[in-house]
Amino acid sequence: MKYGKLMLFWWIALPVSLLMRLFQLFFTVDRGTGFFLQEQKTVGVVLTVLIGVFCAVSVILAFTSHRRPEHPPKKNLPIALGALLAAAATGHELVRESFSGTVLRWQLTLLAVAGVAAVAWFAAFGLSQILPLRVPPVLAAIPAFYMVIRIICAFTSISSLALISDNLLLMAAYCTALLFFIQLGKLYNGLEGDSNFRKLLASGLAAVLLCLTQSIPHIVINLCTEGYHHTSDAANASVLAYGVLILAFTLSHFSKRNMEAV
């Protein structure tokens, strides 16, 4: 599929998914428990499935794309701002988050260590986009490692709880962000295969859609109501930041300008 047609579909899927999630939170979810209202359960489930379908179709279409950049994107301000935002949001989440007692001490310790390393990498990567600073390529593996530990801790924390749409979408956002950061590490370390550019595009589009669909509606509902806290504000801020960074990087990497640059 041509890149332009793929992105046209995705740019339609993104706002539609956001609107569906907003409708779901405002009209189908019990704000006290996070479960679907009994009389709106079918609608709530259908909306969740549709968000998943939009994400899945974006991934499938991305794997049919033939736009293959020859190198990482040139340094630019949007990527710098996205990376610095990710550094700030990750640091905020590390300080403000709390887990259930099911998360073991060694997991929390490893999360803290990996989180500090991720904050440092995001900050250095962002600054390298606007300053003559070189970040060793091998360090591009840090965000993926951090996301692995983050997913382990988040899953351990919610595994003892009943599954609600909030936790489902948050975990999906974390997992797709992990897949993107794995491909990002491969890109900067020259480990690309014949299909890795498609994996980068597919994981990038999926991660942005899920990260923004998870975070923005929660910000809106918390501004419009007394509060909706079945996922933490810090977690939603972090996935919003990851979504912004991944969007900036993906659009820059697969831009026509990057294809033509030497």
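The notes below look at one helix and then at the salt bridges. Please keep in mind that this is a predicted model.

**Helix α2**

- Helix α2 runs over residues 41-62, and at 1.5 Å a residue its 22 residues should span 32 Å; the end C-alpha atoms are 32 Å apart, so the two values agree.
- Its buried residues are G44, L47, T48, I51, C55, S58, L61 and A62.

- The structure has three salt bridges.
- One of them pairs D166 with R21, with the closest N and O atoms 3.4 Å apart.
- Because D166 belongs to helix α6 and R21 to helix α1, this pair ties together parts 145 residues apart in sequence.
- Both D166 and R21 are buried.

**The salt bridges of R150**

- R150 meets E93 in a salt bridge at 3.4 Å, N to O.
- R150 lies in helix α5 (residues 142-158) and E93 in helix α3 (residues 77-96), so the pair links parts 57 residues apart in sequence.
- R150 also forms a salt bridge with E97, at 2.4 Å from N to O.
- E97 lies in the loop between α3 and α4 (105-128), so its pairing with R150 in α5 ties together parts 53 residues apart in sequence.
- R150 and E97 are buried, and E93 is buried too.
- Through shared partners, salt bridges join E93, E97 and R150 into one network.

Technical notes: Residues are numbered from 1 along each chain as its sequence is written. This is a predicted model: local features need pLDDT of at least 70, side-chain atom pairs count only at pLDDT 80 or more; totals for chains, interfaces and linings use all residues. Side-chain values use heavy atoms; hydrogens and water are left out. Helices (H or I, at least four residues) and strands (E, at least two) are DSSP runs, numbered from the N terminus. The expected span of a helix is 1.5 Å times one less than its number of residues. Buried means under 20% relative accessible area, exposed over 50%, partly exposed in between (1.4 Å probe, protein chains only). A salt bridge is a side-chain nitrogen of Lys or Arg within 4 Å of a carboxyl oxygen of Asp or Glu.
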